[in-house]
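Hello,

Here is the structure for you to look through. My notes on it follow below.

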There are 2 protein chains.
Amino acid sequence: MAATAAQVKELREKTGAGMMDCKAALDETNGDIEKAIEVLRKKGLAQAAKRAGRVAKDGMIGHYIHMGGKVGVLVEVNCETDFVARTPEFQTLAKEIAMHVAAASPTYVKREDIPAEVLDKEREIYAAQFAGSGKPANVIAKIVDGKLESYYAQVCLLDQPSVRDPNVTIKQMVTAATAKTGENVTITRFVRFKLGETAE
Amino acid sequence: MAATAAQVKELREKTGAGMMDCKAALDETNGDIEKAIEVLRKKGLAQAAKRAGRVAKDGMIGHYIHMGGKVGVLVEVNCETDFVARTPEFQTLAKEIAMHVAAASPTYVKREDIPAEVLDKEREIYAAQFAGSGKPANVIAKIVDGKLESYYAQVCLLDQPSVRDPNVTIKQMVTAATAKTGENVTITRFVRFKLGETAE
C-alpha cells in the first residue's frame, strides 16, 4: 500500500526528515506512523519525537496563584477563535474558573471522567448506608441516585457550584459564555498544585 | 490488635468522625486506615475522603504564562522553611524555572523518572544506528551512553541547559540555590499546558 500524501506530511512534521525518506519509511511500515518514526530514527534521519499536539482549538490557559505561591492552578478553557479568546469576558471567565479550582479543588472536569470502579464504590457505600433501613429497593435506588448527584457536585468541576456565586454551577457559567460569544466554550483540563501535597 | 493513638488521630483527620467511632472502626479493620474509612462511610459517619496531602515541605508553586495564555506552566520548587521561600532570590528561581519549562518543554523532572521501557527503546535505537558500522561492541556501548546523555539533556528538566544561560544546567541552578540558602532546594514536579495540544 503506497503512503498517502497526508501520511507523508504528518511524518515530516513529526520527524523533520526529508520527503523521500518519509515516503520510503511509510512504505516499509505499511503506513504505520509510529513504526515509521522508529525506522527513520534507526537510520539517524529523525530527532527524538517531541510529543507535539496539534492545535485544533483556540482559547487560553487560565491561571491563578493563591497565597503567594502555596497553591497554583492552570485551566485550559477553549473557544473557537482567537478573536473571542482575546475578549475581556473570555479572559475573565478563564481567570474565574482558575480561582474556583484553587478554592474548590475538584478531582475531575466532568462526570464522564470518573473511573467506573470509583463510581461503583460510591454506589456500594451509599447503598450500604440504607441496607438495614427496611426501605424498598426502588426507594433506596432513588436515594443512591440523589447521593450520587451530590457526589458529582463535590468532585466534578462542571457540577460544582461556583465558589463566588453558589447559585450557579461552573457548567452554567460555561453555557452562558457559549450563548454570549456564539462559540462553543469548553473546559478541557485543569491542574492544581498545592505546596507539599506530594511529600510523604 | 488495639488501634494506636496515632491511627485514631489520622482517621479522625481524614474523616471528621468522632474518636470512639474511629477507634471502633480501626479495631474492626485491624488498623487498616483505608478500610476503616469505608466502614465509617457505610455507617454514614464520614464524609467522602478528600485527597489531603500532608504539607511536609515548604517552598512555592512557581508559574509562568506565555503569550497571553497560549502556554501555562506550574512548577513546585521546595525548600525547608517559609523564611527562605519568601526571599526574592527563591521567588526569582521559581519564576525562572517556570519560564524555562515553558520554553524548553521537558518531559521529566529527573533521569529516574524516565520509564525503563522508554530508556530501553532509546538504547535500542542508538545501537541500531551503529549496528553495521563495524565498530567493536564496547565502542558502540560508549557511543550509546554518550547519546543517552544527550537524550537526558533533551527530556529531563534537571539535565537541560538553562534557556537563559546555556552554560548552566537547571540542576546547577538548583545546587547554587541550595548553597546560597543553606537549605535543601529541590524541584518536585512541573506541568506545562499548551493550548489545544490535547485536541485530536
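Some ground rules. This is a predicted model, in which local features need pLDDT of at least 70, side-chain atom pairs count only at pLDDT 80 or more, and totals for chains, interfaces and linings use all residues. Residues are numbered from 1 along each chain as its sequence is written, chains are lettered from A and ligands numbered from 1 in the order in which they are written, and side-chain values use heavy atoms, leaving out hydrogens and water.

Confidence: the model scores ipTM 0.74 and pTM 0.74. Chain A has an average pLDDT of 88 (the predictor's confidence in each residue, from 0 to 100). In that chain, 93% of the residues score at least 70. Residues 49-56 of chain A fall below 50. That stretch still has 14 contacts in the model beyond near neighbours in sequence (contact means heavy atoms within 4.5 Å).

Interface: each chain brings residues to the contact, 52 from chain B and 52 from chain A. The copies meet through the same surface, because 100% of the interface residues of chain B are also interface residues in chain A. About 4200 Å² is buried between them, 56% of it on carbon and sulfur atoms. Buried area is the accessible area (1.4 Å probe) that two parts lose on being put together, summed over both. The rule finds twelve salt bridges across this interface. One of them pairs E122(A) with R41(B), with the closest N and O atoms 2.9 Å apart.

Within chain A, K9(A) and E13(A) form a salt bridge at 3.3 Å, N to O. Both lie in helix α1 (residues 5-15), four residues apart, about one turn of the helix. Helices are DSSP runs (H or I, at least four residues), numbered from the N terminus.

Best wishes

Conventions
A salt bridge is a side-chain nitrogen of Lys or Arg within 4 Å of a carboxyl oxygen of Asp or Glu. Helices (H or I, at least four residues) and strands (E, at least two) are DSSP runs, numbered from the N terminus.
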